[in-house]
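Visitor: I would like to learn how to read a model like this one. Where do we start?

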Number of protein chains: 2
Amino acid sequence: MILVDGQPASMIDVADRGLAYGDGLFETMRIERGTILRWRKHLERLVHGCQRLQISLDTQLLQSEAEDFAMRHVSGVVKLIITRGSGARGYAFSRQHPSRRILQYSQLPVWPQRNFVQGVHLFVCQTRLALQPLLAGLKHLNRLEQVLARAEWQDEHYAEGLMLDADGNVTDGVFSNLFFVRDGVLYTPLLDRAGVAGVMRASIIELAPQLGMQVQQRRITLDELSGMDEAFCCNSLYGIWPVLSVGQINWSAGPISFRLQQKIAQQDS
Amino acid sequence: MILVDGQPASMIDVADRGLAYGDGLFETMRIERGTILRWRKHLERLVHGCQRLQISLDTQLLQSEAEDFAMRHVSGVVKLIITRGSGARGYAFSRQHPSRRILQYSQLPVWPQRNFVQGVHLFVCQTRLALQPLLAGLKHLNRLEQVLARAEWQDEHYAEGLMLDADGNVTDGVFSNLFFVRDGVLYTPLLDRAGVAGVMRASIIELAPQLGMQVQQRRITLDELSGMDEAFCCNSLYGIWPVLSVGQINWSAGPISFRLQQKIAQQDS
């Protein structure tokens, strides 16, 4: 089930700038009981991204459309793409150019239960994230780095890959954000030069004080990870997975991961 | 007039990975008298790009399709997009996945004659190109940096913008490559960390020895430009424009630009 600009469709205009230049943004969101989980946060990030890319967006129209769309499903995934719409050849655009809205439904993937209760191993990707402060944090449609990184491993031992930026700082997963715990403080990479600032990451940053935990966003090197007590990854679809290993560094699935899983589950119920 | 996978069409599948992730490549080529100018070079670059991105490509099929497409037009522009095709949600792909071919015709833009005979002024863009050796040189579909850079100026005084990489090296134009002349040597930025290695650039590098000129590809800073005798920009559609200014640095339209314009015109006739 797909809506393009509010109409059922399975195709879009070949001249769409999303195809031509990756000129747009997306959100991948979870539907439960007919509502989009963390919808306000997803919408906020999207509005912020549209402002940074100077893409016009009718927020009210999108909001009612997405909420109606979600209501037709008990649970699953809705992927929302906003592009700058169709354009003539060439990079130039008009600021008043109407954007295009695409809503796509898919079933929730089935992840192994052990990912949640035992934890996952992360593959250390060779593909580095380029430093681009103008695009950092945004979930835009220029995702070739993630495509290349995801192609580096086929071994199902690894549920996710860890990506470093060009300077060697731990940045994020291919489709997740990362957190580490040391002496009761939560650390997560600063995403001002690369990476996607995920909505689940934002929720965890908000929740941490309720668990009596401080959160620090800062640069984290791969070497520093061996000094961490606990690690976990997160995204808006699966929630939280404890991390068991990154390369030669091993952890046990830790108490903070499980407490945050519970907190998130409470929010979602 | 548009062909998608060989069939007349104006739409593509919403699930195309070109839209989802900018997972593909393109070529913008000039048609004259029913043939694509520098077709062999465009095809070589595309094949090389597909290898680097692990996109499967039926080169023979593409070749006959593009040549047939060009034959139906006296002159104009053909934009060829190759994407990794339609895929399920998620970055992972299969190496055998059939790619998608899109051929789009448009009329040749009309540029002011003065661009060719007098020269053009370049706007110095604030948007810097991130350093990403894995994608450098490729004409891939992740072009948000160019979209942002092109949005920096509206003043028609500037025909093109000059882009620096993150380290401040002169890299390319928003839709052109750049050359500089000093003491009879041609200099053009090395494109191993950022930028698009254009087909007209490759032709000029090949032609230069016929004019008794050496070519050096190397890092060039903005400060170095004031020591250059002459400058020009190029692409596959307009050919060569002498450059009159970059910021505070001024040149006269120079003899090398005009001799290369003639050489290119001879090739194309």
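This is a predicted model: local features need pLDDT of at least 70, side-chain atom pairs count only at pLDDT 80 or more; totals for chains, interfaces and linings use all residues.

Visitor: What is the strand order of the open sheet in chain B?

Guide: First the general idea. Strands in a sheet pair through backbone hydrogen bonds, in a parallel or antiparallel sense. Now the case here. The open sheet of chain B has six strands in the order β2-β1-β7-β6-β4-β5, and the pairing is antiparallel.

Visitor: Which strands of chain B stand at the edges?

Guide: β2 (7–8) and β5 (35–36) of chain B do. Each has a single partner strand, so one side of each lacks a neighbour in the sheet.

Visitor: How many bridges pair β4(B) with β6(B)?

Guide: Nine, in the antiparallel sense. E32(B) has T35(B) as its bridge partner, and I31(B) has I36(B).

Visitor: Which residue takes a positive phi in the hairpin of β4(B) and β5(B)?

Guide: R33(B), with phi near 50°. The hairpin has two residues between its strands.

Visitor: How many residues of β4(B) are buried?

Guide: Eight of its nine, so β4(B) is mostly covered. Look also at helix α3 (residues 59–71) of chain B. α3(B) lies across β1, β4, β5, β6 and β7 of chain B. Its angle to β7(B) is about 15°.

Visitor: Now helices. At what angle do α2(B) and α6(B) pack?

Guide: Packed helices are described by two values, the angle between the axes and the distance between them. Here α2 (residues 39–53) and α6 (residues 199–207) of chain B pack at about 115°, with axes 10 Å apart. The crossing is right-handed.

Visitor: Which residues of α2(B) and α6(B) meet?

Guide: From α2(B), K41(B), H42(B) and R45(B); from α6(B), V199(B), A202(B) and S203(B). By class, that contact has two nonpolar, two polar and two charged residues.

Visitor: Take a single residue. Is I204(A) buried or exposed?

Guide: Count C-beta atoms within 10 Å; 20 or more others make a residue buried. I204(A) has 25, so I204(A) is buried. I204(A) is found in α6 of chain A. Leaving out residues up to four places away in sequence, I204(A) touches F179(A), C234(A) and L260(A). G22(A) is another matter: 182 residues from I204(A) along the chain, with 29 Å between the C-alpha atoms.

Visitor: Last, the contact between chains. How many residues does each chain give?

Guide: An interface's size is often given as the accessible area lost when the parts come together. Here we go by residues: 42 from chain A and 42 from chain B. On the side of chain A, α5(A) gives the largest share, five residues. That side divides into 24 nonpolar, 11 polar and seven charged residues.

Visitor: What joins β3(A) to β3(B)?

Guide: Three bridges, with the strands running antiparallel. In one of them, D13(A) has M11(B) as its partner.

Visitor: What rotation superposes chain A on chain B?

Guide: One of 180°, with 0.0 Å of shift along the axis and an RMSD of 0.0 Å. That is the relation of a two-fold axis. Now check the surfaces. 100% of the interface residues of chain A are also interface residues in chain B, so the copies meet through the same surface.

Notes. Residues are numbered from 1 along each chain as its sequence is written. Chains are lettered from A and ligands numbered from 1 in the order in which they are written. Axes are lines fitted to C-alpha atoms, for helices over the stretch in contact, and angles run from 0 to 180 degrees between N-to-C directions. Helices (H or I, at least four residues) and strands (E, at least two) are DSSP runs, numbered from the N terminus. A crossing is left-handed if the near helix is turned anticlockwise from the far one by less than a right angle, and right-handed if clockwise. Two residues are in contact if their C-beta atoms, placed from the backbone, lie within 7 Å. Ala, Val, Leu, Ile, Met, Phe, Trp, Tyr, Cys and Pro count as nonpolar, Asp, Glu, Lys and Arg as charged, and the others, Gly among them, as polar. Two strands pair if DSSP finds at least two bridges between them. A residue is buried if 20 or more other C-beta atoms lie within 10 Å of its own, exposed if 12 or fewer, and partly exposed in between; C-beta atoms are placed from the backbone. Copies are superposed by least squares on the C-alpha atoms of residues with pLDDT of at least 70 in both.
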